Amino acid sequence: TISYARYNSRLIACQNNMRELGTAFMQFSETKCGYLVEIPRCGNLSFNGCYAAILKDSGLVTDDRLFSCAGIGADAPPVYIPSVKTIMAASGEQLCHLKRSMGHFGYTMGYCDEDGGYCPPQNKRRANVVLLADMPSLNTAGRVSANHGGWGQNCLFEDGHVGFVRGDSI
């Protein structure tokens, strides 16, 4: 049917965007001794979406639309990725607005070790570790991503492959 074809083409467009971002992440990690984008623990860059500004500032991504999921639909607001400098200079409502405009994907932020120290993600090229996925929604049961009709989410894995995972867990 036409609706299935439209759904499938949006799913594939989202996956293609993730593949291109995957290439940027791989190139970034090559320049950082295998580490991926580090999210600062405090300050204006201490939010999940700052990875987009860091990748863009590094010159590895030039098109803001890559941070957009076609599965959301045409009524989604446009994605805008400001520079790190712009984010650092923002405050209050302007900073909140910038954070909300920075894409439709959630990024793995690393983890805290036993001593409470932050460990940024490393690129070990593992096929079972998600690096980026359709952003979870605060407005759905179980925080299921609203992208792709809530049927599942596209995921970019550390080894660079992209797959659609049905349901609400990976």
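A contact means heavy atoms within 4.5 Å. The model is predicted: local features need pLDDT of at least 70, side-chain atom pairs count only at pLDDT 80 or more, and totals for chains, interfaces and linings use all residues. Residues are numbered from 1 along each chain as its sequence is written, and side-chain values use heavy atoms, with hydrogens and water left out.

**Figure 1. Fold of the chain.** Four helices and six strands make up the elements of the chain. Helices (H or I, at least four residues) and strands (E, at least two) are DSSP runs, numbered from the N terminus. Their order from the N terminus is α-α-α-α-β-β-β-β-β-β. The radius of gyration, taken over C-alpha atoms, is 16 Å, close to the 15 Å that the globule rule gives for 170 residues, so the chain is as compact as a globular protein of that length. That rule is 2.2 Å times the number of residues to the power 0.38. The C-alpha trace spans about 50 × 35 × 30 Å along its principal axes.

**Figure 2. Contacts and burial.** Take the contacts between residues at least 6 apart in sequence: 62% of them join residues at least 24 apart. Of the 170 residues, 43% count as buried. Buried means under 20% relative accessible area, exposed over 50%, and partly exposed in between (1.4 Å probe, protein chains only).

**Figure 3. Salt bridge E30–R125.** The chain has five salt bridges, each a side-chain nitrogen of Lys or Arg within 4 Å of a carboxyl oxygen of Asp or Glu. One of them joins the side chains of E30 and R125, at 3.9 Å from N to O. This pair links distant parts of the chain, 95 residues apart. E30 lies in helix α1 (residues 2-31), and R125 in the loop between β3 (118-119) and β4 (130-134). E30 counts as exposed, at 59% relative accessibility. R125 is partly exposed, at 47%.

**Figure 4. Salt bridge E93–R100.** The closest N and O atoms of E93 and R100 are 3.0 Å apart. E93 counts as exposed because its relative accessibility is 53%. R100 is exposed too, with a relative accessible area of 57%.

**Figure 5. Salt bridge E158–R126.** Here the closest N and O atoms are 2.6 Å apart. The pair links distant parts of the chain, 32 residues apart. E158 sits in the loop between β5 (152-157) and β6 (162-166), R126 in the loop between β3 and β4. E158 is buried, with a relative accessible area of 3%. R126 is partly exposed, at 32%.
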